[in-house]
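Please keep the sequence and the structure in view while reading.

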Amino acid sequence: MQNCVILNPQAGGGKAGAVWRHIAPLLEDVIGEFELFRTEAPMDATHLVRKAISDGAELIVAVGGDGTSNEVVNGFLDSNGQVSQVCALALVPCGTGTDFGRTLGLASDPTVAISRISKDAERVIDVGVASFHSNEGALASRLFLNIASFGLSGAINRRTERAVRLPFLPIRLTYLMETLLGLRSYNPANVRLSIDDTVIEREIMFVAIANARYFGGGMMVAPDADPSDRLLDVVVLNKMSKVRLARNIPLVFRGAHVRLPEVEIFRAVRIIAETQDETNQSPIFLELDGENTGFLNCEFTVQANALRLWQ
């Protein structure tokens with residue numbers, strides 16, 4: 001088995017499953033014969049990729065959204081905790097947010113993304129590694145391709161996951177609505193951040209640990225993030241009034257929020273985020289690539305030049 005396709009038919013509210021029969025012949029024209037696996041439950045993609053790589057797969061194509069891509073890349077982890085380079089990854093964005101693809105310049109149209117898949121256009125990118133407390137309270141570790149964030153963003157992501165999404169509303173508008181609704185009950189969190197050799201203590205609205213630029217359906221939270229620079233961008237939004245935050249949310253869609261005095265930006269290879277004053281505040285929720293994974297305390301590192309990507 002040389003080529004393997006991981007299809008999440010539920011991605012994008014069922015979009016991936018609906019378009020698959022139309023794009024499958026196009027994909028075969030580009031990469032040749034492949035073995036298809038459909039995911040049916042959370043973490044299926046991770047287990048399927050691990051087996052495919054052990055069986056000799058040389059290319060994995062992920063068809064779905066950012067959550068699918070996250071599960072797929074976690075299947076690349078070998079027994080030493082390193083990303084396997086015996087196999088390459090290609091992405092066919094076909095989900096709700098497809099934020100990681102925005103940084104890569106991938107078209108949201110899956111047919112266009114397929115036409116760009118080429119071994120001759122291979123690049124090697126970094127991946128982030130997060131160690132955290134899982135939703136069940138156990139210590140856990142997971143890779144992320146795009147962005148890890150916590151604070152208000154983690155709380156909002158949980159709201160968005162539970163919300164009944166109206167199919168005619170763009171994901172950007174859905175996320176914006178949930179942000180405004182979640183902001184009403186959110187209280188700033190006290191955290192201690194060790195950013196390489198710099199230690200700061202802040203009362204934060206949220207923190208993004210970014211390997212790429214976008215999250216939340218097109219919010220350019222880390223405008224200078226580059227998944228090939230061996231670093232993670234750390235975007236800290238310090239405490240501000242809820243009214244002021246609500247007024248300035250539109251700035252994030254074009255990256256202009258970085259000019260706000262409440263925003264600090266760092267670049268690092270290792271970040272430790274710890275809850276301060278644990279007895280007096282709620283858990284600080286964490287999301288990785290749009291997936292609700294757990295809460296602080298957390299450690300983030302980067303595996304530089306870790307993943308072979310065909311695009």
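The largest nonpolar core holds 52 residues, and those touching the most other members are Phe150, Leu193, Ile209, Val221 and Phe300. A nonpolar core is here a set of buried Ala, Val, Leu, Ile, Met, Phe, Trp, Tyr and Cys residues joined through side-chain atoms within 4.5 Å; buried means under 20% relative accessible area, exposed over 50%, and partly exposed in between, for a 1.4 Å probe and protein chains only. Strand β9 (residues 198-210) supplies the largest share of this core, 8 residues. Helices (H or I, at least four residues) and strands (E, at least two) are DSSP runs, numbered from the N terminus. A second, separate core has 28 residues, including Cys4, Ala57, Phe76 and Leu307.

The model is predicted: local features need pLDDT of at least 70 and side-chain atom pairs count only at pLDDT 80 or more, while totals for chains, interfaces and linings use all residues. Residues are numbered from 1 along each chain as its sequence is written, and side-chain values use heavy atoms, with hydrogens and water left out.

Ile209 is in contact (heavy atoms within 4.5 Å) with Phe144, Asn146, Ile147, Ala148, Leu232, Asp233, Val234, Ile271 and Phe300, when residues up to four places away in sequence are not counted.

Which residues of helix α8 are buried? In this helix (residues 242-252), they are Leu245, Asn248, Ile249, Leu251 and Val252. They lie on the same side of α8 because they cover an arc of only 150° around the axis, the arc being that of the directions from the helix axis to the C-beta atoms. An α-helix has 3.6 residues a turn, so residues three or four places apart point the same way.

Helices α2 (residues 44-54) and α3 (residues 66-74) pack with their axes 7 Å apart, at an angle of about 40°. Axes are lines fitted to C-alpha atoms, for helices over the stretch in contact, and angles run from 0 to 180 degrees between N-to-C directions. From α2, Asp44, Ala45, Thr46, Val49 and Arg50 meet Glu71, Val72 and Asn74 of α3.

Ala88, in strand β4 (residues 88-93), counts as buried because its relative accessibility is 0%. Beyond residues up to four places away in sequence, Ala88 touches Glu58, Leu59, Ile60, Phe76, Glu122, Arg308 and Trp310.

Thr103 belongs to helix α4 (residues 99-104) and, at 16% relative accessibility, also counts as buried. Apart from neighbours within four places in sequence, Thr103 is in contact with Ala212, Arg213, Tyr214 and Pro227.
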